[in-house]
Amino acid sequence: MKIVVADQNLLPHRERFEAMAPEGSDIRWLTDGVPDAELRTAEVYVGSRFTAEMARTAEKLRLIHVAGAGTDKVEFAALSPEILVANTFHHERSIAEYVVGAAVMLRRGFLAQDRALRDGVWATSVYDRTIPQAPTLGGARMGFVGFGHIGMRSWDLLRAFGCTGAAVTGSGSVSPDSRLQWAGDVTALGRLMRESDVVVVSAPLNSDTIGMIGAAELAALGPDGVLINVGRGPLVQEQALYEALANGGIAAAAIDVWYRYPTGQMPCAPSDLPFGDLPNMLVTPHSSGVTTDTFAGRVGDVAANIGRLQRDEPLRNLVKG
């Protein structure tokens, strides 16, 4: 079986992948581009991007396996019915650590204190009576917009601090043992924002969720509220987010997912708006889930599914099949 691996994030785990792949596999590591001649005879393609042109070239393809959760760069309409598409996760533990770290940092004001002290300003109530004492994370009311793998794992960690929580999901339901105070569908989003101190956004991006958090929702979160977006940038309206942060509509935000991404090796700013100039933001380059833990787990899932494909067994995490 010929396997083309086009995801450079798997390169550090090449030995693990090759050891787990079915015996006799012909594995081609083509992370700098896939020539048509290689793609034409591939039976398995491992990568996040698969275009209509690639679909026309791949004559023997049986499986596209994304080494991540998002399949938005796969042009499903161009795929023949017999081609399977699967994804994998394993990022929830890494992202949950990010969520907790960002929540502590922003709720306690550590990010602002760091920037101030670099200029010689001791921005704490001990040295400046106009600055209020910060609350601990333990007293925070956490709101989750989306409560899948990421939301649940984040809540597992946050609950240990003593936080309370609520969630809004597409279906309006969560596991009965979630220990949330309440859960609702998207019609309860306004209530969630009003009642939360920290809101964690991890919902999937689709036609129903794009722009779901705008000026009204951010105003409901309020001037003491913290927003953490680890889902997709466009879940939160770009202009509304910038204005809320710049004008004190919300206290702070940690944004790991953006409105614009590099193409190829060319760098770019993550937005047309100057988010980087705002002092009340933690800005990270979609890195919350990028750990060895995440990709070691993903390599295991991909290799296991390729084995199932060879044995004609049902695949796991199918999104098309």
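Predicted model: local features only at pLDDT ≥ 70, side-chain atom pairs only at ≥ 80, totals over all residues.
Biologist: Where does strand 10 lie, and are its faces buried or exposed?

Modeller: Strand 10 spans residues 226-229. Check each side of the strand in turn. Val226 and Ile228 are buried on one side. Leu227 and Asn229 are buried on the other. Both faces are covered.

Biologist: Which way does strand 9 run against strand 10, parallel or antiparallel?

Modeller: Look at the bridges. Strand 9, residues 198-201, runs parallel to strand 10, with 4 bridges joining them. In this pairing, Val201 is opposite Asn229. Helix 8 (residues 215-221) carries the chain from strand 9 across to strand 10, a right-handed β-α-β crossover.

Biologist: How many bridges link strand 10 to strand 11?

Modeller: There are 4, again in the parallel sense. Strand 11 covers residues 252-255. Ile228 faces Ala254 across this pairing.

Biologist: Now the helices. At roughly what angle do helix 4 and helix 6 cross?

Modeller: Compare the axes. Those of helix 4 (residues 92-107) and helix 6 (residues 149-159) cross at roughly 55 degrees and come within 8 Å. Angles under 35 degrees count as roughly parallel, and 65 to 115 as roughly perpendicular. Helix 4 and helix 6 are therefore oblique to each other.

Biologist: Is that crossing left-handed or right-handed, and which residues of helix 4 and helix 6 make the contact?

Modeller: The crossing is right-handed. Helix 4 contributes Glu92, Arg93, Ile95, Ala96, Glu97, Val99 and Val100. Helix 6 contributes His149, Ile150, Arg153, Ser154, Leu157 and Leu158.

Methods. Residues numbered from 1 in each chain as written. Heavy atoms only, no water. Buried < 20%, exposed > 50% of the residue type's maximum accessible area, 1.4 Å probe, protein only. Helix = DSSP H or I, 4+ residues; strand = E, 2+ residues; numbered from the N terminus. Pairing = 2+ DSSP bridges. Right-handed = clockwise from strand over helix to strand, strands pointing away. Axes fitted to C-alpha atoms, helices over the stretch in contact; angles between N-to-C directions. Parallel < 35°, antiparallel > 145°, perpendicular 65-115°, else oblique. Left-handed = near helix turned anticlockwise from the far one by under 90°. Contact = heavy atoms within 4.5 Å.
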